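Visitor: I am new to this one. Could you walk me through it, one question at a time?

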Amino acid sequence: MVEIDCRGLSCPEPVIRTKRALKENPAGIDVIVDDRAARENVPRYAEAAGYRAVVSEGDGSWRVEIRK
């Protein structure tokens, strides 16, 4: 699975990178974010695009697993 590391980036950059990565990997990706707004917006975008998004918390960051 492709992993996109968006730690240190604030919105909308994680959403833009997620959108770009999903075009290249339509089966799904994992996105790591540490910005609270990105933690909300990345799954929101993924679900609006027809994906399932599961968020899990790590050490000061969140992993968003996005799958078809």
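**Helices on a sheet**

Guide: This is a predicted model. Helix α1 lies across β1, β2 and β4. Its direction is at about 160° to β2.

Visitor: Which strands does α2 lie across, and at about what angle does it run to β4?

Guide: Helix α2 lies across β2, β3 and β4. To β4, it runs at about 5°.

Visitor: What is the order of the strands in the sheet?

Guide: The sheet is open and has four strands. Their pairing is mixed. The edge strands, β1 (2-5) and β3, each pair on one side only. Neighbouring strands are turned by 20° against each other on average, direction ignored. The order is β1-β2-β4-β3.

Visitor: Which residue of β2 is the bridge partner of I4?

Guide: Strands β1 and β2 run parallel. Four bridges join them. In β2, the partner of I4 is V31.

Visitor: How far apart are the end C-alpha atoms of α2?

Guide: Helix α2 has 13 residues, 36-48. At 1.5 Å a residue, α2 should span 18 Å. The computed distance agrees with that: 19 Å.

Visitor: What arc do the buried residues of α2 cover around the axis?

Guide: The buried residues in α2 are A38, V42, P43 and A46. They sit on the same side of α2, because the arc they cover is only 120°.

Visitor: Which elements do the buried residues of α2 pack against, and which exposed residues does the face turned away carry?

Guide: The buried residues pack against α1 (13-24), β2 (28-33), β3 (52-57) and β4 (62-67). The face turned away from the buried side carries the exposed residues R36, R44 and A48.

Visitor: Which residue caps the N-terminal end of α2?

Guide: Look for a side-chain oxygen 3.3 Å from the backbone nitrogen of A37. That oxygen belongs to D35.

Visitor: Which residue just after α2 takes a positive phi?

Guide: The phi there is about 95°. The residue is G50.

Visitor: Is D30 buried or exposed?

Guide: D30 lies in strand β2. Buried means under 20% relative accessible area. D30 has 10% relative accessibility, so it counts as buried.

Technical notes:
Residues are numbered from 1 along each chain as its sequence is written. This is a predicted model: local features need pLDDT of at least 70, side-chain atom pairs count only at pLDDT 80 or more; totals for chains, interfaces and linings use all residues. Side-chain values use heavy atoms; hydrogens and water are left out. Helices (H or I, at least four residues) and strands (E, at least two) are DSSP runs, numbered from the N terminus. The expected span of a helix is 1.5 Å times one less than its number of residues. Buried means under 20% relative accessible area, exposed over 50%, partly exposed in between (1.4 Å probe, protein chains only). The arc is that of the directions from the helix axis to the C-beta atoms. Contact means heavy atoms within 4.5 Å. A polar contact is a pair of N or O atoms within 3.5 Å; within protein, one must be able to donate a hydrogen and the other to accept it, and residues adjacent in sequence count only if both atoms are side-chain atoms. Two strands pair if DSSP finds at least two bridges between them. Axes are lines fitted to C-alpha atoms, for helices over the stretch in contact, and angles run from 0 to 180 degrees between N-to-C directions.
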